Amino acid sequence: MKLFTPGRLGPIELRNRTIRSAAFEGMGRNNGPTEMLRDYHESVARGGVGMTTLAYAGVCRSALSFDTQLWLRPEIVGELRDITDRIHSHGAKASIQIGHCGNMTHRRTAGGTPVGASTGFNLYSPTWARGLREDEIREIARNFGDAVRIARDAGFDCVEIHAGHGYLISQFLSPYTNRRRDGFGGSLENRMRFMNLCLEEGMKAAESDMAVIVKTNMRDGFKGGLEIEDCLKVAKEIERAGVHGIVLSGGFVSKAPMYVMRGEMPIYSMTYYMKQLWLKYGVRLAGGMMMEKLPYRDLYFLDDARVFRKELKLPLIYVGGVVGGETASKVVDEEGFEFVQMGRALLNDPELVNHMAADAGYRCSCDHVNYCIARMYSREMACHKHCSELPKGIIKEIERIKCDQKKRIKRDQKI
């Protein structure tokens, strides 16, 4: 199986074609790493993965959405080095995703008024954000380069630049959030300028021995956002920048959040852990309307990803609905993608890759009820199957979602 052969991303070689995706762990504290974060990624490395990715590290203070999120700065290099050393000791490579949240934050966390491609109110935070000045745009692009240098000092082999999901680079790319009338708005070529600046700084800082990959959307996932034709143009521009691989994803956190991971967002579970009462009950009242249900199925991004595979030459990393040996092998051995990323599956089973190597038909026990996603906004990400004592209300919600999934599968089988 090609899946378990070494694979190259620019200057680095992975022992196999599996990567732990940059699914936000929620395991930081005071915007720095913790033993919990270290232990989790060490467990995934021990479990056989080719590379594991620390999720969503902010490139500067204004880039932060949560206190549990990493902020790449010199003060935490030693603690990050401990994590990369542990990962390397088990034969895996270490990557870190870097990005800027744009308008998905609050003043207290960001250290000032949240910023975005354009001025406006973001209902999903909820917060008011102001459009960036051109000098600030260029400064943030330089922050991406600084973040890559810090990642190098911390021992990372690879950085993943986040240009999707409705965060800042994506906010510039999408006509939904970019209403600028200067050289960074209007045409798609102009809207790609900020991304190009960030990639230029990132590639320069990575030098010749560090891999740079980019996560980008294949669709924003809603009417008025980027569709596949424009996203393909964005991906070709990323390829021209000389990066070493592209992660193909989709969705927009402030408009189509469930497009990213599919299934239903368990609203009760999400709000159970929220501390702010106004937010807790506001989300319970309106969350169901704001977070559209999109049925989960294995390899849910594959149809769109095939279009990109035909048009691009650089290594492509597939993510979305990979749950075991059969789905991973299909992506790499049959469909021609160089690597495959997994998030929820490796939270459910950190030993997944070793199990797949021993049994090609092995499948993790993730049931896609998204409890792990729901709690990560307030606590560390965790699979409900690993939680010994859950409140009755959460258990009831999980069982209801599982029941709805079974009903949908039966309906689909009859059609």
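Val247 stands opposite Ile317 in strand β12 of this predicted model, in which local features need pLDDT of at least 70, side-chain atom pairs count only at pLDDT 80 or more, and totals for chains, interfaces and linings use all residues. Residues are numbered from 1 along each chain as its sequence is written, and side-chain values use heavy atoms, with hydrogens and water left out. Strand β11 (residues 245-249) pairs with β12 in the parallel sense over three bridges; two strands pair if DSSP finds at least two bridges between them. Strands (E, at least two residues) and helices (H or I, at least four) are DSSP runs, numbered from the N terminus. Three bridges also join β12 to strand β13 (residues 339-342), and these strands run parallel. In β13, Val340 is the bridge partner of Tyr318.

In a regular strand, side chains alternate between the two faces of the sheet. Strand β12 (residues 316-319) is covered on both faces, with Leu316 and Tyr318 buried on one side and Ile317 and Val319 buried on the other. Buried here means under 20% relative accessible area, computed with a 1.4 Å probe on protein chains only. Together, β12, helix α13 (residues 325-334) and β13 make a right-handed β-α-β unit; a crossover is right-handed if, with the strands pointing away from the viewer, the path from the first strand over the helix to the second runs clockwise.

A further sheet is open, with three strands in the order β6-β8-β7 and mixed pairing. Strands β6 (115-116) and β7 (120-122) stand at the edges with a single partner strand each, so one side of each has no neighbour in the sheet. Two bridges join β6 to β8, and the two strands run parallel. The bridge partner of Gly116 in β8 is Gly131.

Helix α4 (residues 134-153) has 20 residues and should span 28 Å at 1.5 Å a residue, which agrees with the 29 Å between its end C-alpha atoms; the expected span is 1.5 Å times one less than the number of residues. The buried residues of α4 include Ile137, Ile140, Phe144, Val148 and Ile150. An α-helix has 3.6 residues a turn, so residues three or four places apart point the same way. Among the elements that cover the buried residues of α4 are α2 (77-89), β5 (93-99) and α7 (193-206). Just after α4, Gly155 takes a positive phi of about 95°.

Note on methods
Buried means under 20% relative accessible area, exposed over 50%, partly exposed in between (1.4 Å probe, protein chains only). Contact means heavy atoms within 4.5 Å.
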